[in-house]
Amino acid sequence: LWRQEANVQDRARHAEETFARVISEGSTIHSHKKGVLSLLGPDDTFNIHPVVLSSVAKSPYFVNKCCEKLMDWNMVVDEIYYEVKHLEPWTAGASKSPSTAFCLLLRLFSLRCTEKQMSLMLEHVDSPYIRCVGFLYLRYAADPSTLWTWFEPYLLYDEESVQIRQGKGDTTVGEYCRLLLSELDYYGTRLPRLPIAIERQFKVRLLQAERSEERAKQHLENEAAMQYFQKTGARVMALYGDEENPITWYDAVVDRVILRDLESGEMLHRPKFQVTFSEYGNTEVVTLGEIDLPGTHTTNTSEGGADEPGRGRGEGSKPDYHERRGGGRGDRGYDRGERGRSNDYNRGNYDNDRGRDFRRDHYDHRGGDNSHHGQRGYGDRRNYDDQRRERSRSRDRNDPRREEKDLMEEVLRREREKSAAKGRHDYASRPAAFRGESDERIQNRRHMNRDGSDRRQQKREAQKVDETNATESKKPAATAPVREKTAAELAAIQEKKMKLMAKYG
């Protein structure tokens with residue numbers, strides 16, 4: 001037994017030394033290798049959960065095979081091709097040992113991938129597991145702000161099958177990518193948490209892509225719509241958005257239908273369209289889910305208030321307020337574009353303003369009767385308020401960020417539903433004896449002794465006894481009554497004083 005214990009300690013020591021060596025080599029590679037993909041977080045844990053990391057570092061497969069025989073990126077990719085059969089962090093069975101996928105993932109972290117090597121992994125045609133290990137590499141250690149750029153081309157249209165869980169049904173690479181961006185729980189472990197703003201931005205974009213996918217499927221089922229979209233010069237509505245402008249609908253014209261991939265020349269699963277936005281002349285390539293029939297959605301360009309697609313909000317893109325509303329200077333008495341009052345107002349000719357004209361005309365219409373002074377113009381004022389509310393609703397309908405706000409509200413609603421569902425799941429996972437009891441009753445049962453007495457009540461009674469004892473201990477002790485001295489005692493005391501006085505003066 002003592003020999004077996006010594007062998008176990010030797011293997012553990014060898015595993016620690018090997019792990020420390022490959023981590024040190026990885027740091028050296030990072031300082032000399034060009035084009036290395038920058039990693040976020042510590043370079044010795046790579047944001048992997050400590051339990052998984054410790055199990056992988058001690059795994060004989062990782063120590064003896066991955067670290068001793070797989071010495072470069074090509075050898076690791078070949079090993080993924082031959083050995084990885086699922087993407088869970090643990091293997092099935094009684095012994096909870098790490099999977100080959102996570103052992104090879106950690107070896108990739110120690111070797112450091114370049115951006116070119118990562119692109120080759122994500123586009124690899126031999127095995128979907130090579131691609132998925134690459135996505136997992138990015139999700140664990142890449143900068144969250146760069147994840148969308150890497151994942152976006154594969155989120156929707158990548159239908160290659162891959163098995164995530166052992167013995168379970170296959171899923172697609174696109175679904176796997178969406179899972180990595182939207183979930184934290186990963187089959188028995190936890191992925192690193194994303195910043196909340198970036199996480200919700202990903203969810204909004206995924207929801208936008210989900211709706212585009214549903215729209216594309218509807219178009220494919222509608223032969224008349226497909227024929228209309230493929231006509232050159234057809235007027236459509238197309239989505240557009242960039243870093244400075246929110247995603248919204250604009251009027252556009254179809255210039256060309258793209259049926260083949262521009263780089264590989266292969267036939268596309270769905271056609272794409274080169275469109276020109278009518279209002280400003282920008283030309284973009286959009287997918288089938290990003291266009292729709294004219295009049296289907298509210299555009300902001302019809303009011304002249306939308307920003308130019310692909311162009312920032314500079315001074316040249318701001319139309320004059322009265323040009324947008326069709327009114328003159330006398331309509332409102334100010335120009336919003338210049339943020340100042342009109343020249344007539346500055347010269348003191350404010351009598352031409354519609355407010356004073358309305359009050360004067362209304363007063364003349366009543367014949368100068370001051371008895372109704374408090375009721376003047378009530379009906380017109382109400383109509384004016386209705387017009388203001390209508391203009392406000394019109395601005396809300398034409399708000400270019402309206403669709404983005406709707407998507408964010410849907411994301412927050414789903415988060416609330418998920419949280420509530422998790423709470424219901426936690427309740428259902430309670431023991432049967434506790435399911436029908438209220439939280440207060442369950443809390444009370446936690447403080448009961450075996451004999452049925454309440455431990456909290458006993459504690460309160462003990463505290464009262466201690467307080468009573470402390471109060472009594474603070475009271476002053478009772479003193480004995482003072483006894484009066486007799487005449488003989490007083491005479492003796494006096495005689496003693498006289499002798500002392502005579503002796504010592």
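Residues are numbered from 1 along each chain as its sequence is written, and side-chain values use heavy atoms, without hydrogens and water. Because the model is predicted, local features need pLDDT of at least 70 and side-chain atom pairs count only at pLDDT 80 or more, while totals for chains, interfaces and linings use all residues. Helices (H or I, at least four residues) and strands (E, at least two) are DSSP runs, numbered from the N terminus.

Helix α2 spans residues 50-58, and helix α5 spans residues 100-111. Their axes come within 10 Å and cross at roughly 90°. Axes are lines fitted to C-alpha atoms, for helices over the stretch in contact, and angles run from 0 to 180 degrees between N-to-C directions. The two helices α2 and α5 are therefore roughly perpendicular. Angles of 65 to 115 degrees count as such; under 35 is roughly parallel, over 145 roughly antiparallel, and the rest oblique. V52, L53 and V56 in α2 meet F102, C103 and L106 in α5, where contact means heavy atoms within 4.5 Å. Six residues of this contact are nonpolar, none polar and none charged. Here Ala, Val, Leu, Ile, Met, Phe, Trp, Tyr, Cys and Pro count as nonpolar, Asp, Glu, Lys and Arg as charged, and the others, Gly among them, as polar.

Helices α9 (residues 173-182) and α10 (residues 196-221) cross at roughly 150°, with axes that come within 9 Å. That makes α9 roughly antiparallel to α10. R178, L181 and S182 of α9 touch F202, K203 and L206 of α10. This contact has three nonpolar, one polar and two charged residues.

E79 lies in helix α4 (residues 73-83). It counts as buried because its relative accessibility is 8%; buried means under 20% relative accessible area, exposed over 50%, and partly exposed in between (1.4 Å probe, protein chains only). Beyond its neighbours within four places in sequence, E79 is in contact with Y61, K65, L70, V84 and L104.

Strands β6 (residues 248-260) and β7 (residues 267-277) pair in the antiparallel sense over seven bridges. Pairing requires at least two DSSP bridges between two strands. V257 has F273 in β7 as its bridge partner. Six residues separate the strands of this hairpin, and G265 takes a positive phi near 80°. Strand β8 (residues 283-286) runs antiparallel to β7, joined by four bridges. The bridge partner of V275 is E284 in β8. This second hairpin, of β7 and β8, has five residues between the strands, and G281 takes a positive phi near 85°.
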